[in-house]
Amino acid sequence: MSASTRDSFELHAGALRLALRPGLGGSIAGLWHHGMPVLRSAEPAALASPREGGSFPLVPYSNRLGYRRFRWKGRDYTTEPNFEGSPHSLHGVGWLRPWEIVSSSALEVVLALRHAPDADWPFAFESRQYLTLAPQSLHVEMVVTNLAEVVAPVGLGWHPYFPKRARSRLHIEVDGRWDKDDAMLPVRKVAQPGIDGDVAHLDFDHAFDGWRGAARIRDERFSLQLTSSLDRLVVYTPQDKDYFCVEPVSHVNNAIHMADPLAHGLRALAPGESTSAWMQLDVTVI
């Protein structure tokens, strides 16, 4: 299939149905098992923003970029506001741009985004997402290539939303949590001997280091296992929402402002160089 700008696409495998909105930030509108949402889900035509669906890509950085400015390789750069009520820019630019379908089959679709330098991000790059659906799993891979003529900072990840049900529970093995200041930026790493509890009793909006094994997400409907090639997570468990987020990410929030960004997961890609990552969600019905 040649590049397509069609604005919705579906994959079906067994009882699983995956609905995408490529033109709306390369996002997942929904993932259902026999009509029951596995991710927080909306019909593609009803989706007004990637932040209302099941998941969206984080590229070329995740979470907050502090105060919409940064210094890289001796030069100062700025970014534009992209998240209401925040002094920072958030989640990169992939979720704000239309992606194209470049190929598809019965069980896989490939989405692509080619970014030219603009006020939101000053470095050219190309990103591709490979989404594969099996009867009991969703596998997503992302590849990012630096198209700039200079070394560029790159991070990536995903922002899945899960429905909060009466018995929603998390079990995640990590070893560190980044505490944050009043501006929601990380200031210190503290020991965190894992997360294990009912989502209704958790209150996180933090980045975590040292993720290992599967993040286990269980409720009265499903037992889910989220795995990834990445070893960091952002966990968001708002008390006043009907969802929560467990986000595989490559770097600490605001890593580009840290003394050694590369030590905190950011990549410095040479011109033409690529980086990649994957995540997989395995679904078991209870």
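## Strand 23 and its surroundings

Strand 22 (residues 212-218) and strand 23 run antiparallel and are joined by four bridges. Strands here are DSSP runs of E with at least two residues, numbered from the N terminus, and two strands pair if DSSP finds at least two bridges between them. This is a predicted model, where local features need pLDDT of at least 70, side-chain atom pairs count only at pLDDT 80 or more, and totals for chains, interfaces and linings use all residues. Residues are numbered from 1 along each chain as its sequence is written, and side-chain values use heavy atoms, with hydrogens and water left out.

Let's stay with strand 23 for a moment. A hairpin of three residues links strand 22 to strand 23, and I217 sits opposite L224 of strand 23. Strand 23 also runs antiparallel to strand 27 (residues 274-285), with seven bridges joining the two. In that pairing, F222 stands opposite V285 of strand 27.

Strand 23 (residues 222-228) has two faces: F222, L224, L226 and S228 make up the covered one, while S223, Q225 and T227 make up the uncovered one. In a regular strand, side chains alternate between the two faces of the sheet.

V59 and P60 are joined by a cis peptide bond, with omega about 5 degrees. You'll find P60 in the loop between strand 5 (57-58) and strand 6 (64-65). Two residues other than glycine have a positive phi: R68 and N254. Here is how they look side by side; buried means under 20% relative accessible area, exposed over 50%, and partly exposed in between (1.4 Å probe, protein chains only).

Finally, the inside. A nonpolar core is a set of buried Ala, Val, Leu, Ile, Met, Phe, Trp, Tyr and Cys residues joined through side-chain atoms within 4.5 Å. The largest one has 63 residues, and L18, L31, L170, I172, V246 and L281 touch the most other members. Leaving aside neighbours within four places in sequence, I172 is in contact (heavy atoms within 4.5 Å) with G194, I195, W211, A215, L233, V235 and V246. Another core, of 14 residues, lies apart from the largest one, and its members include F56, L90, V249 and V252.
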